[in-house]
Amino acid sequence: MKKLKNIALAGTLICLLFTSCKVRLLPDRDTSLQNQIEFTGKMIDSLYLNIAEETVAEERTYKKYAKGYNAVEVELNSILLKNKVKALNKDAEKIAENSVTLWSRYKSKHQADNRISNADIKLNRVFMRDQVLNMLLGEKYKPEENENEN
Amino acid sequence: MDFNINEVLAGMANAVKDSLAEDWPEAKSVLNRFLQNRRARLELLAELRLNNEITNDDLISRLEDEKLLLDSELHTIAIIGKAAAQRAANAAIGFLEDAIAVAVRAL
């Protein structure tokens, strides 16, 4: 009887060994996406520095900077899309979605006012910088590829 | 056959503990950074409002932006937590697998 028990236990252990699995709660870290996020952060910073070069707020018409706004929006939408298609990625998707929302707010306000104040330039830069930081950290702390291998 | 389930469970618990202990300082430093950034943003908002560079409506609208940032920060922390939980669970499974491999080799 004891021998039978040992065989059953050994069988179970061997099965467990060969069907070994890993817990997976997140997708792999994506370094190309990390680079894209960094690049988008630079684009945002560069756009606001350009706008700030124009010292008269009334001269900072939306049309002058529309290309820059749209280029950033394209990158943010692309980051959102790349996050959406990954499994187990709801948190990063929500962060990317918030980035798109925040950017749309700033773009729409500049469009509606057709000018932008020094205060808004300062605030938009800081808020977007911190939002980009969220996207970057969200990607950085995902497991490396080899951590998710079976 | 040498497979002491109590020793294995204790080993798995230690693997979880060590893994989480490694991840905690990182999570703490990110949390601190978020708090510092929030403080800097709120100080900037207060300064601009006091200097009349923004209106009350602007301030309210910026607080709406703050909500989005807070939501993003919570999701970032969730990612860090999930990554830590994943590493801890896999460390425990790794310990179990090693114990099984040793027991099977002894057969």
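The model is predicted, so local features are reported at pLDDT of at least 70 and side-chain atom pairs at pLDDT 80 or more, while totals for chains, interfaces and linings use all residues. Residues are numbered from 1 along each chain as its sequence is written, chains are lettered from A and ligands numbered from 1 in the order in which they are written, and side-chain values use heavy atoms, with hydrogens and water left out.

Let's start with chain A, which has 5 helices and 0 strands. Here helices (H or I, at least four residues) and strands (E, at least two) are DSSP runs, numbered from the N terminus. Read along the sequence, that gives the pattern α-α-α-α-α. Of the 150 residues in chain A, 44% are buried; buried means under 20% relative accessible area, exposed means over 50%, and partly exposed is in between, using a 1.4 Å probe and protein chains only.

Next comes the place where the chains meet.

Now for the charges. Side chains of opposite charge can pair when their charged atoms come close. A salt bridge is a side-chain nitrogen of Lys or Arg within 4 Å of a carboxyl oxygen of Asp or Glu. The whole structure holds 25 salt bridges over all chains, and 5 salt bridges lie across the interface of chain A and chain B. One of the pairs is B:K82 with A:D91, whose closest N and O atoms are 2.8 Å apart. B:K82 lies in helix α2 of chain B and A:D91 in helix α4 of chain A, so this pair joins two chains. B:K82 is partly exposed at 31%, whereas A:D91 is buried at 8%.

Another salt bridge links A:R105 and B:D65 (2.6 Å, N to O). This pair crosses from helix α4 of chain A to helix α2 of chain B. A:R105 is partly exposed, with a relative accessible area of 32%, but B:D65 is buried at 2%. Salt bridges that share partners join A:R105, A:K109, A:D113, A:D120, B:R62 and B:D65 into one network. Within it, B:R62 meets A:D120 at 2.9 Å, N to O. The charged end of B:R62 also sits over the ring of A:F127, 5.6 Å from its centre, and the charged end of B:R41 sits over that ring of A:F127 at 5.7 Å. A charge sits over a ring if NZ of Lys or CZ of Arg is within 6 Å of the ring centre and within 35 degrees of the ring normal.

Last up are the rings. Rings of Phe, Tyr and Trp (its six-membered ring) pair if their centres lie within 6.5 Å; planes under 30 degrees apart count as stacked, over 60 as edge-to-face and the rest as tilted. The count is 3 aromatic pairs over all chains. The ring centres of A:Y48 and A:W103 are 5.9 Å apart with planes at 70°, so this pair is edge-to-face. A:Y48 is in helix α2 (residues 31-53) and A:W103 in helix α4 (residues 90-113), so the pair ties together parts of chain A that are 55 residues apart in sequence. A:Y69 and A:W103 form a tilted pair, 5.3 Å centre to centre with 40° between the planes, and both are buried. A:Y48, A:Y62, A:Y69 and A:W103 form one aromatic cluster.
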